[in-house]
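This report walks through selected packing and pairing features of one protein. Please look at the sequence and the structure before reading on.

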Amino acid sequence: MSNKIIEKTPAGAVVELDVLIIGAGVSGLYQLHLMREKGLTARICEAGSGIGGTWFWNRYPGARLDSESPSYQYLFSDELYRNWSWSERFATQTEVEAWLNYVADSLVLRQDIDLDTAVTSAVWDESILRWTVQTSRGTTLRTRFVIACCGMLSAPLTDQFPGQQLFKGQIFHTARWPATGADLAGKRVGVIGTGATGIQVVQALAPVAGELTVFVRTPHYALPMQNVRYSAVDIEAYKSNFRALQDRLPISFGGFDFAPEYAWRDLSPERRLEILEACYADGSLKFWLASFAELFVDEEVNAEISAFIRAKMRARLNDDRLSEILVPADYGFGTRRVPLENGFLEAFLQPNVHAVPVKSNPIAAVTPTGLQLADGTVHELDAIIMATGFDAGTGAFARIDFRGRDGLSLRDHWQKGVSTAFGLQMNGFPNLFMTGAPLAPSAALCNMPICLQFQNEWIADCIEHVLENGGHVIEPTAQIEREWVEHHDLVADSVLMSKTDSWYVGSNVAGKPRRLLAYAGGAGAYRTRCLEIAESGYSGFDIH
Ligand code: NA7
């Protein structure tokens, strides 16, 4: 991976720009490329000391894709696609981070990226029709447009327990893993959380830690990943599929190269089972996203598919006590993010791995030497790993002090109720665009590069339209934003995931107003609607 030193914007400098992009992850990198292609002056501010966004920060042991590498891709350039070869069906964090560095080098992006530069505030100045942006390095940027590509899972929930600062051992949040790594060999390690992250950490550390104690509040349904290392023949085969991916992925439901082919109600119980078994054996997210679409909306179908997975999990554990702790019982399959795993359940059959249920006996505090539960039990630990998740969707945006027209605070605005127009803009915040923001598929329910690419292309075309038509400012009307929120809620009400507690609805953060974060109508349908708006000359958006 190339890590050339590029001179940063000097502290104290005031930089004039057409476009400021926040974040050098999958989204921001592409946006910088697009802005340059449109002939605009653009720069990225990135809080991290390297590029990659999620793939820079989440370097915890075991981190890897749950999307298949060949479809976790940019689709705009045949050359970019072909000149990179994935080594595995589900790539590791290291490989994805290397790929994003390859993208930055191939598109010659680095000289317009300020690393170690967090945006702290952005204030709209109506008198000059510009945003004034302050950064953690003391730079000021004056820009016509801000495109916030700060990620839907990039505000980690770090300070969660009283006493954390007093812990004498090592304490980590998975999304702030040290670049130098952590030596956990032979140590007493505690893991809090069993979401997609906790699962990957546990299966990676079970062979390494001396004792691994996993604190389980809500177990997740787990699907076994069938990973393979690619041979030269495999690589050629997946690359030859690129044109088909370009055609299919953008119009698909979730940006993946599979779709449900059958309706549950049309089939005999035997045929249903055959299809479930075949999707399960595929070892990918296909079981969740492309076995039967009814599992998202029909409680009876969901109950049967949930029972199928529970039986698989119980059979693997073959242990009543562990099944009680690790097999979900009180919510339906697929109504929370379904992680893929690779030996997660079997890890608990090792003598050094322990499952501690903490739903009815919650973690009360971190003590100087371990974790204390509500009943007073203390677990002595050398290291604590917090796989406790994120303030998803809204968190990364709200941590920046955005002030729109008349000083309107984004943070306060969303505290009353999370609202956007198509997850792209908000009334009251002229010339502010977002990707991965609430109420678009890219807030959660998508193979991220596919949905983010579309949003970035829409934004780039929109800015070009405004400027070519002599405009200075674009902002959605309050009415179109309201209409989108109403439509979003209508779709959300029809899916079971809006009824289950998880980060998908914001219930993992105390006080966060509940609303399904991602648009559940599908990436293809969302794309069609956004393109209609563009073709109509951005009706519902005020341009002046
Ligand atoms: P998640 O999916 O939000 O998981 C966080 C886990 O941490 C989950 O099991 C939580 O239990 C647990 N948690 C959080 N706070 C506590 C406390 N106080 N006590 C015990 N357990 C706690 O985050 P991930 O990082 O795993 O995944 C986020 C997304 O990143 C993932 O879906 C992928 O798309 C990538 P809970 O379920 O709230 O009971």
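## Two helices in contact

H1 covers residues 26–37 and H15 covers residues 448–468. Their axes come within 9 Å and cross at roughly 30°. That makes H1 roughly parallel to H15, a label for angles under 35 degrees. Axes are lines fitted to C-alpha atoms, for helices over the stretch in contact, with angles from 0 to 180 degrees between N-to-C directions.

From H1, the contact draws on Val-26, Ser-27, Tyr-30, Gln-31, Leu-34 and Met-35. Their partners in H15 include Pro-449, Leu-452, Ile-459 and Ile-463. Contact means heavy atoms within 4.5 Å. By class, this contact has 9 nonpolar, 4 polar and 1 charged residues. Ala, Val, Leu, Ile, Met, Phe, Trp, Tyr, Cys and Pro count as nonpolar, Asp, Glu, Lys and Arg as charged, and the others, Gly among them, as polar.

## Basis of the model

The model is predicted: local features need pLDDT of at least 70, side-chain atom pairs count only at pLDDT 80 or more, and totals for chains, interfaces and linings use all residues. Residues are numbered from 1 along each chain as its sequence is written, and side-chain values use heavy atoms, leaving out hydrogens and water.

Helices (H or I, at least four residues) and strands (E, at least two) are DSSP runs, numbered from the N terminus.

## A buried serine

Ser-71 lies in the loop between helix H2 (54–57) and helix H3 (78–82). Its relative accessibility is 7%, so Ser-71 counts as buried (under 20%; exposed is over 50%, partly exposed in between, with a 1.4 Å probe and protein chains only). Leaving aside residues up to four places away in sequence, Ser-71 touches Leu-245, Leu-249, Asn-447 and Ile-450.

## The parallel sheet

An open sheet of 5 strands runs in the order S7-S16-S8-S9-S12, with parallel pairing. Two strands pair if DSSP finds at least two bridges between them. Strands S7 (170–173) and S12 (353–357) are the edges, each pairing on one side only. Neighbouring strands are turned by 20° against each other on average, direction ignored.

S9 (residues 211–216) and S12 share 5 bridges. Phe-215 has Val-356 of S12 as its bridge partner.

## Antiparallel hairpins

S13 (residues 363–367) and S14 (residues 370–373) pair antiparallel over 4 bridges. They form a hairpin with 2 residues between them. Ile-363 stands opposite Leu-373.

S14 also joins S15 (residues 378–380) through 3 bridges, running antiparallel. In this hairpin, Gly-376 takes a positive phi near 100°.

Methods: Parallel < 35°, antiparallel > 145°, perpendicular 65-115°, else oblique.
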